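Me: Hi! I have a chain open here and would like to talk it through with you. Could you take a look at it with me?

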Amino acid sequence: MKKNLFIYICLLLAGFFTQIVGQTLPNPIRNYPLNNGSPVDIARGRNGTIQGNISAIADRFGIAAGAMRFENNTHIDTPPFFIGTDPTENYKNGFTISFWTFIDENISKNQGIRPWSDNDVTFQAFYARSGSALVNNTLLGFQRIRDRAVINRHTADQNNTIRDWRLWLWDPVNFTNRIGWYQVVLVYERAKMTTYIFYPNGQSESMSHYFSLQDLSNVTSWGLGNINQGNNLPFRNLDDFRVFAQPLTREQVRVLYSREAVPGGMYRVSNAANESQFIHTVGRNVNPGARLELLNTSNTELTAPYQWVFEPVSGQPNVFRIRMGYTEDSYVHLVGRSTGNGTRIETLALNSSFPDFYQWFVEPAANGTFYIRSNANQSMYLHPAGRSTVNGTPLEILNLNTSFDQFYRWRLNLSKTQFELSDASLQATTHLIVPSFNTFLENQPQNTNVTNADPIKIGRESNPNPFFSSWLVTKSKDDSYLVRTANTNDRFWHLFQGNVSNGNSVQVLNMGGNNPNIFRWVFDRDVINRFGRRYEVRPALNQNLALQSDANAPLRQNSNLFIRQRPTQNQDGLSWQLFPFRNSPPVNKQVYRIEPGIYRISSQANQSLFLATQSFSANNSARLSIQNFSEERFTNFYWDIDYERDAQNNPVRDGAYLIKLFGTDNRCIHTVGNSLNNSTDLEIFGLNTVHMGTYKMFIEPAGGGNYRLRLAGNRDLYMHLWGNNTGANTTVEVLQFNSQFASTYGWRFDRINIEAPLATGRYRLALAATTNPQRFLHTRGRSNNNGARLEILNFEQSFASHYLWLIEKQTDNTYILQRSSVNNRYVHPVGRSVGDGTRLEILELNNDHARLYKWIIERGVTPNSFRFRLVDFPGRFMHTSGNSTGNSAEVEILNFNNNFRQTYEWIPITP
């Protein structure tokens, strides 16, 4: 590439896009263009000396003698890259080394255990050596061994002897099976070395390693290439070797690439005479027929009329068609197909009969800028009319006048490389699109029967239906995508009335007859974590806007979706996750914080108080409060935490949980009145899937072993102690977070282990206090009717089936006792009473009162015996009335009395 002294302009980062406006990169302290076979340093005159044979070759722009080829046994001796006495060349604060190399063969990976074979040649790009020029004294350098990138580094051993050491770089930083020009940038900073590599297709990869503190004071020889030593050869083709006396940022490295690479990708194009003035269409028109002008804009402007894609013309080096980004057919064109001086510039749909008038010859100019010349007449240069750079100056073509050279030069500010534009990393399949910070919700049409112009909301069906909430995401223009409802053929994401402006809503619309540009969306994950699954979703034509939920109800169930101005800092409502969906729902939408199980929950603000229902009620609408723990009512402080279950009983793993009162079938923590509003009391209530967002909770670490619980239907609301009170019987509500009272939002979870010592089966239950004869649990009068009382009775073989009980273990390790000779008759306290001495009966199961049918079974003292504790009041045990062991003694529930221990113990006998 033709080089003078480069003045670099650094970029500012706007989201993922690296836009370049007005800030200067550091000047290199060494700059070897390697033009015309010369080792001249145009930065500070530290010229090199060629040792061996070199030849001048064409560079990546095709400019003759713009790069250098090293023959065997050839190197360039240079002065030190860093002069220790020069404070501007202090490498200890960090440095950057950049160069280009041409790989002229497809290099395969080695298929052995090692990444190289013994016969592989080592190619050296540059070196800093101590003592002799032997390879094992290379303290700093860069090598290619087969397809591997290798960095020379050094350490000191225990005797302070300098030892060189090679750092092998693994995929994706490699030279594997790609012919073409590569740019390599090494950035050293505070004992860390980061390697950036740009492949011939514009793909960029990077890798960082610990590199130790480098001491280059022992280096005695510096240079490019290598001395031939068998299999140690110089890099064959090198160009533009530069050294900077400071570490460049990732963004600056990208700018460096955009200054030196052959154009290919999307750019914002500014005039070199005034780099705050960018090429733009008059009136921001995105349709063909718009005139081009200069317009001052901020460095974060990401609308399509400022974004221009340079499309290479096949078979014509450095010739491009220039198209407005994300549009089908708005190409830069000469008005009237004229090539005369002063011809204005417009956008126009491509006409293959007149290709030259859409083509532009781009060549490098001074200071990392470019000339843009009409391919229809290459003596005509793109230029602002009247040599003006004020707002609204139209563009024209004009003969070059070197006295006003800066008006003919253009800065190509890289937005995305061609590789990034062509990347289709999102699978062309159906996805669930969910808010990253509320994975309970999903993007879905307003109506189950999708109609044209339906608004899009974030919501949840009463029964999870991923088919309704799934979207087919397919690649469209540049790096944009179309998003279509998976259960229709013609309903795509679209902006209401085609208006790409702040605050507009998002709908689904039939694409036919509408402007296709409005249907395009960019999914950008680099803003947050370029290796993750979180994305910002932006309308392609204006990426200053991003998809968000209703600003008045962020991340709240049934909020509509809008496009809004992107904030200067990331907000919860901006981030979305995509989960491929095929034949079954995706799982693990969020990293889980709590394992399903049974827990006792205490308040962080007062850890001696525990979550329970008021009056220990298990009925619908029982309010929650924090209370002193009661040993005889311990089950009222236990909570069963589990996933929601779908119609097939599969767990719905969306990151949120149901918290059910232990022993109940469906009494879950819930907001009173199904409210999603601030300061709503919490209660237990039978699960209603229509209002699932008012039941489910996200459980998130809050530090110190504490957690905060956030309502799934409105994650702005946290489970909280009412009035910030910390005393016994304080009620519990959901409230927006206030950091001044953080502990009143915190909860501790203690895992509880409920043993289940008895296997499910059919048993006769003998009272341990009776031995000869044994007396067994039995219904009075051998009745199977509802309300039949329980007694103990001598065994009679002719009525053996009446003594059998089916004892079934439940998922929460409780048990139910069913009369074996009849369906749906279970042991239960009479009148649903839990009072001391309440008799037991058999009764049809009523799930609303499940805790009165469930028992905790624990081992007794008598061998092979067990005690049965009523779940609703575990201080009550199954027991014979009056401690009687006589025939026909009634059976009741009673507090435990160790003096009559065996009248509380039962021995299960398998018939």
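Me: Which residues point one way from strand 49 and which the other way, and are they buried or exposed?
Reply: A656, L658 and K660 point one way, Y657, I659 and L661 point the other way, and all are buried. Buried here means under 20% relative accessible area, exposed over 50%, and partly exposed in between, with a 1.4 Å probe and protein chains only. Strands are DSSP runs of E with at least two residues, numbered from the N terminus. In a regular strand the side chains alternate between the two faces of the sheet.

Me: Before I go on, what kind of model is this, and what counts in it?
Reply: This is a predicted model, where local features need pLDDT of at least 70 and side-chain atom pairs count only at pLDDT 80 or more, while totals for chains, interfaces and linings use all residues. Residues are numbered from 1 along each chain as its sequence is written, and side-chain values use heavy atoms, with hydrogens and water left out.

Me: What is the mean pLDDT of the chain?
Reply: The mean is 90, and 93% of the residues reach 70 or more; pLDDT is the predictor's confidence in each residue, from 0 to 100. Over residues 1-23 the pLDDT is below 50, though this stretch has 122 contacts in the model beyond near neighbours in sequence. A contact means heavy atoms within 4.5 Å. Where pLDDT is low, the predicted coordinates should not be read in detail.

Me: Back to strand 49: why is it largely enclosed by the rest of the structure?
Reply: Six of the six residues in strand 49, residues 656-661, are buried, so the rest of the structure largely encloses it.

Me: Which strand does it pair with over four bridges?
Reply: That is strand 46 (residues 638-642), in the antiparallel sense, with D642 having L658 of strand 49 as its bridge partner. Strand 49 also pairs in the antiparallel sense with strand 52 (residues 697-703), over two bridges. There A656 has F698 in strand 52 as its bridge partner. Pairing takes at least two DSSP bridges between the strands.

Me: Now E700, please. What does its side chain meet in a salt bridge?
Reply: The side chain of R715, at 2.4 Å from N to O. R715 lies in the loop between strand 53 and strand 54 (717-721) and E700 in strand 52, so the pair ties together parts 15 residues apart in sequence. Both R715 and E700 are buried. A salt bridge is a side-chain nitrogen of Lys or Arg within 4 Å of a carboxyl oxygen of Asp or Glu.

Me: How many salt bridges are there by that rule?
Reply: The count comes to 55. One of them joins the side chains of R60 and D239 (2.8 Å, N to O). This pair links distant parts of the chain, 179 residues apart, with R60 in the loop between strand 5 (54-57) and strand 6 (67-70) and D239 in strand 18 (residues 237-244). R60 counts as buried at 10% relative accessibility, and D239 at 0%. R60, D239, D240, R242 and E260 are linked in a network of salt bridges.

Me: Last topic: which residues touch the most other members of the largest nonpolar core?
Reply: F310, W493 and F523, out of 83 residues in that core. Apart from it lies another core of 45 residues, among them I76, I97, M207 and W222. A nonpolar core is a set of buried Ala, Val, Leu, Ile, Met, Phe, Trp, Tyr and Cys residues joined through side-chain atoms within 4.5 Å.
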